[in-house]
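Subject: Structure for you to look at

Hello,

Here is the structure I said I would pass on. Please open it beside this message and follow along.

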Amino acid sequence: MNPVAFLRRIALAEATSYLVLLGIAMPLKYWANMPMAVKVTGWIHGLLFAVFCWALLQALLRAGWSVWRCALVFALSFVPVVPFLFDRRMKEWERGEPIS
């Protein structure tokens, strides 16, 4: 399997879990007194983030990505919604198109 394709998929899953954690679980914890929502969602998000980091390492080692590209993708993963906007560029990288 193409390591960049896997990275793209896991990045979107991780970004979705991040939005669910911030947009649904946190309000449920603080406004509806349901701390279990954060516990479960946070655990899932943490697992997905660990897999995302592993996939990023695979892109570095197997796909020949530069450290700078990996650092950019890693940094953008911390900003909600940005991974969805950045997915177009990731598709280009997955296909091996030149960087514009």
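Below is what was found, from the overall fold down to single residues.

This is a predicted model, in which local features need pLDDT of at least 70 and side-chain atom pairs count only at pLDDT 80 or more, while totals for chains, interfaces and linings use all residues. Residues are numbered from 1 along each chain as its sequence is written, and side-chain values use heavy atoms, with hydrogens and water left out.

Overall fold

The protein chain has 4 helices and 0 strands, in the order α-α-α-α from the N terminus. Helices here are DSSP runs of H or I with at least four residues, strands are runs of E with at least two, and both are numbered from the N terminus. The C-alpha trace spans about 50 × 25 × 20 Å along its principal axes. Of the 100 residues, 35% are buried. Buried means under 20% relative accessible area, exposed means over 50%, and partly exposed is in between (1.4 Å probe, protein chains only). Among contacts (heavy atoms within 4.5 Å) with a separation of 6 or more, 62% join residues 24 or more positions apart.

The core

Which residues have the most contacts inside the largest nonpolar core? They are Leu7, Phe52, Leu56, Trp65, Val73 and Met90, in a core of 16 residues. Such a core is a set of buried Ala, Val, Leu, Ile, Met, Phe, Trp, Tyr and Cys residues joined through side-chain atoms within 4.5 Å. Two or more of its residues come from each of α1, α2 (35-62), α3 and α4, and α2 gives the largest share, 6 residues. Setting aside neighbours within four places in sequence, Trp65 touches several residues, including Leu7, Leu56, Val73, Met90 and Trp93.

The cavity

A cavity is a set of points, on a 1 Å grid over the protein atoms alone, where a 1.4 Å probe fits but cannot get out; lining residues have an atom within 4 Å of a point. Helices α1 (3-31), α3 (67-76) and α4 (82-95) each supply at least two lining residues. Among the lining residues are Arg8, Phe52, Val73, Asp87 and Met90. By class, the lining has 8 nonpolar residues, 1 polar and 3 charged. Ala, Val, Leu, Ile, Met, Phe, Trp, Tyr, Cys and Pro count as nonpolar, Asp, Glu, Lys and Arg as charged, and the others, Gly among them, as polar.

Salt bridges

The whole structure has 4 salt bridges, each a side-chain nitrogen of Lys or Arg within 4 Å of a carboxyl oxygen of Asp or Glu. One of them joins Arg8 to Asp87, with the closest N and O atoms 2.7 Å apart. Arg8 is in helix α1 and Asp87 in helix α4, so this pair ties together parts 79 residues apart in sequence. Both Arg8 and Asp87 are buried. Arg8 also forms a salt bridge with Glu94 (2.8 Å, N to O), and that pair is 86 residues apart. Glu94 is partly exposed, at 23% relative accessible area.

Another salt bridge joins Arg88 and Glu92 (3.8 Å, N to O). These two lie in helix α4, 4 residues apart, about one turn of the helix. Arg88 is exposed at 62%, whereas Glu92 is buried at 10%.

Regards

Notes: On a 1 Å grid over the protein atoms alone, a cavity is a set of points where a 1.4 Å probe fits but cannot get out, and a pocket is an open set with protein on both sides within 12 Å along at least five of seven lines; lining residues have an atom within 4 Å of a point.
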